[in-house]
Amino acid sequence: MYTTILAIGIFLIIYAFIITEKWNRAVISLLGASIMVLAGIVDVHQIFTHYIEWNTIALLIGMMILVTITNTTGVFQWLAIKTAKSVKGNPIHLLIMLSLLTAVGSALLDNVTTVLLIVPITFSITRILKVNPVPYLISEVIASNVGGTATLIGDPPNIMIGAANKHLTFNSFLIHLGPIAAIILVITLVMLYFIYRKKLTVSEEDKQQLANLDENESIENIPLMKKSLVVLGLTIVGFTLHSILHVEASVIAFAGASLLLLIGLNEHQIEKTFATVEWTTIFFFAGLFTLVGGLQEVGVIKQIAKYVLDITNGDLSLAAILILWISGIASATIDNIPFVATMIPLIQEMANSLGMAVNAPEINTLWWSLALGACLGGNGTILGASANVIVASLASKEGKGFSYMEFLKIGAPITLISLVIANIYLLIRYL
Amino acid sequence: MLNYQFDTNTIHLEESPNNEEIEIQIKLLQPEPYAKYLKQVKDFFDGNDRYTEVLFYYCKNNEYRIIVKPDYYNDLILMLMRHQLLQKVEWKH
């Protein structure tokens, strides 16, 4: 009993510190993990063999390396300038196109990486058009979370859910979440269009300045660009085939990254690329998995799962709707990564308690509910998802910050509508 | 603040205020090797963790636009000097 209370106490205190975001979240989660070990709640061997989800970590590192190398070729800048020129500098059309680009990029690369690529380009394009970048940044954040919902690699919650469930393949995510993500994206873009269309104006002179840009000059290394795009393309094809090949998505990502490092970079560049991996995110995940492992070890997750089944009387339809809305609301108020890390073992325990396999169709509905709630709920507030926090801090650093309320006014209604649509989708398709 | 001079046979450089920032338009009359040098200046500012302090735009016909915040103006001028796009830099008195 004492160990259980201690584990819950450590978890809640660390969770609270993470939510406040006053300290580096990786350091806090690793501190919490260390305390769990020092207190004897979980042992190191269990952490490394059972609780740390290495597939999540390897997939993130592999994709970070692939995208970092591709970015150095200037191909993403080329694409963004080309997109801006294709709408002839029309500010609202530009907002829709950049949001669309972000959504597609998020589905194919992952949304955290995509916003890191698109934000500097957005600053550059909006500066030349002399238009406020904030509506663009907010729209891109929202689009990144919706686009990321569509695939296994699109959003950290999906990466975690996919990694914890081998039967949920890249194609499963695409088939089950892709259509609803596309519908929600269209509705979101229509909403953003009506919200911002009268607020954005650009002079003809500034449109001409944009037209004068030469996007081809953005391409800095054509041979590396070709190699990067081929390897990136092969990796995405590999994701769609990973279940047929009986290989984890993380292995595909790592193989792609290794191949590109080998054929594209010299020794010095390889070292530089390794240094650009976002180790803060990686360590944050490792610490978090250990913290949740501590709760699993003392049986807390099992108890909560039993409680959820009790209040739903074992009705999985009701449980699916409950998970969607709880995940949506929770992810809007706290970062969805720690929330999903806690929910994954909880759903596994629910399946065990009902005597069902974690890959049973009924249990899969719970996984889709969790993915939809966590990813779409991330748009509720500025703190809802990693992509939001990253964009907000980058914007603030450049003197173009936006407030919690400014984001909430746009994000909350879109989140609410997204969750209602997701709820209807779950009812029609699965329940 | 700084005064500077450049070789008018190889570079045409024009400076103008742009809202609260400064805009520098550069036309390379002799692209090689100066286009490469200008790229090195861009890489220097791309390498730090700020995105909007110095914005580089590639235009057609070897023309470039640089929009720089006042706080980074001196840094930019010194980098242009370091990469031989300017011939002389001196403190304004």
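Across the interface of chain A and chain B, the rule finds three salt bridges, a salt bridge being a side-chain nitrogen of Lys or Arg within 4 Å of a carboxyl oxygen of Asp or Glu. What you see is a predicted model, in which local features need pLDDT of at least 70, side-chain atom pairs count only at pLDDT 80 or more, and totals for chains, interfaces and linings use all residues. Residues are numbered from 1 along each chain as its sequence is written, chains are lettered from A and ligands numbered from 1 in the order in which they are written, and side-chain values use heavy atoms, leaving out hydrogens and water.

A salt bridge joins the side chains of Lys39(B) and Glu220(A), at 3.1 Å, N to O.

Next, the interface. Chain A gives 19 residues to the contact and chain B gives 19 residues, where contact means heavy atoms within 4.5 Å. About 1,800 Å² is buried between chain A and chain B, with 49% from carbon and sulfur atoms; buried area is the accessible area (1.4 Å probe) that two parts lose on being put together, summed over both. On the chain A side, Arg127(A), Lys397(A) and Glu398(A) lose the most area to chain B, together 33% of what that side buries.

Now a helix pair within chain A. Leu59(A), Met63(A) and Leu66(A) are among the residues of α4(A) that meet α12(A), whose partners include Leu224(A), Leu229(A) and Phe239(A). Helices here are DSSP runs (H or I, at least four residues), numbered from the N terminus.

Notes:
Helix = DSSP H or I, 4+ residues; strand = E, 2+ residues; numbered from the N terminus.
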